[in-house]
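Student: Could you take me through the features of a fold one by one, giving the general idea before the particular case?

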Amino acid sequence: MAMAEFTFLAEQSQRYADLQHKLGQSTDPFGLMASAAKAQQAWLQNPQALSSALFRYVSDVTKWQTFMTRRFWGEADSDVFSPHPEDVRFADPIWNDNPYWDGIKEWYLLNTHWLQDTLYATPDMCEHERNRSAFWLRQVLNAVAPTNFLLTNPVAIAKALSTNGQSLVAGFKNFKADKARGDISMTDMDAFKVGENLATTAGSVVYRGRLLEVLHYEATTPTVHSVPLVLVSPWINKYYILDINEKKSLVKYLVDQGFSVFITSWKNPDSSMRDVTFDDYLSDGVAQIIKVAQEISGSEQVHLLGYCLGGTLAATYLAWANRQMPGKVPVVSATLLTTLTDFEYPGDIEVFLDEEGLDFIDSVMEKKGYLDGKDMAASFRMLRSNSLIWNYWVDNYLLGQTPSEFDVLYWNMDSTRMPMKMHRTYLRELYWKNKLVQPDALEISGQKIDLGQIKQPLFMVSAEEDHIAPWRQTYTLADRSGGDVTFTLSTSGHILGIVNAPGPTSKRSYWQGVPEAGESADNFLARQKKAAGSWWPNWVEWLRPQCGKQVKPKLSSRAHPQQGAAPGTYVLE
């Protein structure tokens, strides 16, 4: 009887725990309320610290009241609570010139500064909870900024009056269009069309499978290097960021330099692809495009390039292939662009990464069989919400402006989906458990993965301001790989640090060198001299000696005939 009662109580306890978990997933999937409750409890248990924090708040309010009294009596503006130098929300002179609007600005900044400072000073809060709580607090504070509301935005009010309300009418039209689209427009979505003014480099689809189309580009030189280039694009977004337009296309640049270029154009998954795995992307993706390039070019080897998640896959393939076919790996060299293999410090995105957050993402994917690209894009936009969300909210809806034309932002909004099983592996095994850097901890396509097995020379490119793949984290592969490494750090961010065509208009620069064994990222950077311009020409000169003789170009073959013109069909899904 006692055992039966014990079993019953254990079952009830488990059911209660499951119910709590389900309620948490529906009401607080990322632990925001739980963290807030812990912070509140920590302050209540430290009354002296709480008293000091409240005293600072009262002191700040007194400063604000004194400041406002002086302003209304005609005293010149001198910010008591200054915005961040990069905060452009209050850039219009009216926020300083008019005492009323200046007071609203200062009141918002007073509360913003105090809340953030107080959160960071919370006693006995662990670093992860502090960062996560600070992130969500920042989202709330950014959302309630006076600039985001018509009645507290003097610039929007003035424009509405000067246009007799037409700016509000235009803003409402923009709002309806964006609501129907399901996203805030960052650019004029009617200004671009893939295949017409984006992804226009001439080429053909030479393979179509369940996961990808392989695009091969027409030569623009009488001969090409015999060893082709295989470009593995990220399937978090579409491939044409590497062929964005004629002036900024990496693909066209390579073709004009005499290279035979193949690229992955991944299929946009739907619910029928829920069981596609990371293994499938290796075997039916990168391994498949290498086979197609070998067969058409007649070369036994290729140069491999991977960008972002495509780079993570390329690095995984190299580790897999060096074990699967030692001495016969069909890759001469690899180029990895903004590629994470070590996810210990993955950047700002880690605020979404804990068991509760991952379980929530799993529950979303279980319903659909995939993660919608718009959900993922929204997560990344929240990391820079003022510039990537609220800036467009104000311009599009309150000011009634049509966003300017920008091809990269159009590409950014042309989102894709992630198949459930693949994305679960990516988030849990790589991001959360960081297994890719643990030798033999991860098994892909029948082989245990050890990045130390990579023997091919690597050309790595990262970006100084990248918040998606922080450069110091990408750098760690330099010491784990078994091959020679050339590391390049470009200025700018995750996209513009890569899409950086050479020419007189190039605004970028880079540092480049060979890391020493065990050398830290900061020590490596301190040894390098900054070079002006694009890193593309330097990379091409690194490639050429390994590219074999010159041969006549060949676009397709009997085994892989042309199946239509680039950009193909998958990119349009």
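Tutor: What follows goes from the whole chain to its sheet, and then to single residues.

Tutor: The model is a predicted one, in which local features need pLDDT of at least 70 and side-chain atom pairs count only at pLDDT 80 or more, whereas totals for chains, interfaces and linings use all residues. Residues are numbered from 1 along each chain as its sequence is written, and side-chain values use heavy atoms, with hydrogens and water left out.

Student: How many helices and strands does the protein chain have?

Tutor: Helices (H or I, at least four residues) and strands (E, at least two) are DSSP runs numbered from the N terminus, and on that basis the protein chain has 20 helices and 16 strands. The radius of gyration, taken over C-alpha atoms, is set against a globule rule of 2.2 Å times the number of residues to the power 0.38. For the protein chain the radius is 27 Å, close to the 25 Å that the rule gives for 573 residues, so the chain is as compact as a globular protein of that length.

Student: What share of the residues counts as buried, and what share of the contacts joins residues at least 24 apart in sequence?

Tutor: Buried means under 20% relative accessible area, exposed over 50%, and partly exposed in between, with a 1.4 Å probe and protein chains only; of the 573 residues, 53% count as buried. Contact means heavy atoms within 4.5 Å, and among contacts between residues at least 6 apart in sequence, 80% join residues at least 24 apart.

Student: Which domains does the assignment give?

Tutor: Domain bounds come from an automatic or database domain assignment, which here gives domain 1 (35-148) and domain 2 (203-348 + 435-572). The C-alpha centres of domain 1 and domain 2 lie 45 Å apart.

Student: In what order do the strands of the open sheet run?

Tutor: Two strands pair if DSSP finds at least two bridges between them. In this model 10 strands form an open sheet with mixed pairing, in the order S1-S2-S5-S4-S6-S7-S12-S13-S14-S15. Its edge strands, S1 (203-208) and S15 (531-532), each pair on one side only.

Student: Which strands does helix H20 touch, and which does helix H11 lie across?

Tutor: Axes are lines fitted to C-alpha atoms, for helices over the stretch in contact, and angles run from 0 to 180 degrees between N-to-C directions. Helix H20 (residues 536-543) packs on the sheet, touching S4, S6, S7, S12, S13 (485-490) and S14 (509-513), and its direction makes about 165° with that of S7. Helix H11 (residues 309-324) lies across S4, S5, S6, S7 and S12, running at about 135° to S6.

Student: Is aspartate 178 buried or exposed, and what joins its side chain to that of arginine 181?

Tutor: Aspartate 178, in helix H8 (residues 166-181), counts as buried because its relative accessibility is 5%. A polar contact is a pair of N or O atoms within 3.5 Å; within protein, one must be able to donate a hydrogen and the other to accept it, and residues adjacent in sequence count only if both atoms are side-chain atoms. Such a contact, of 2.9 Å, joins the side chains of aspartate 178 and arginine 181. Leaving aside neighbours within four places in sequence, aspartate 178 is in contact with Asp183, Ile184, Ser185, Asn396 and Tyr397.

Student: Which residue other than glycine has a positive phi near 55°, and where is a cis peptide bond found?

Tutor: Phi is near 55° in asparagine 434, which is found in the loop between H16 and S10 (443-444) and counts as buried at 12% relative accessibility. The cis peptide bond joins alanine 566 and proline 567, with omega about 15°, and proline 567 has its place in the segment after S16.
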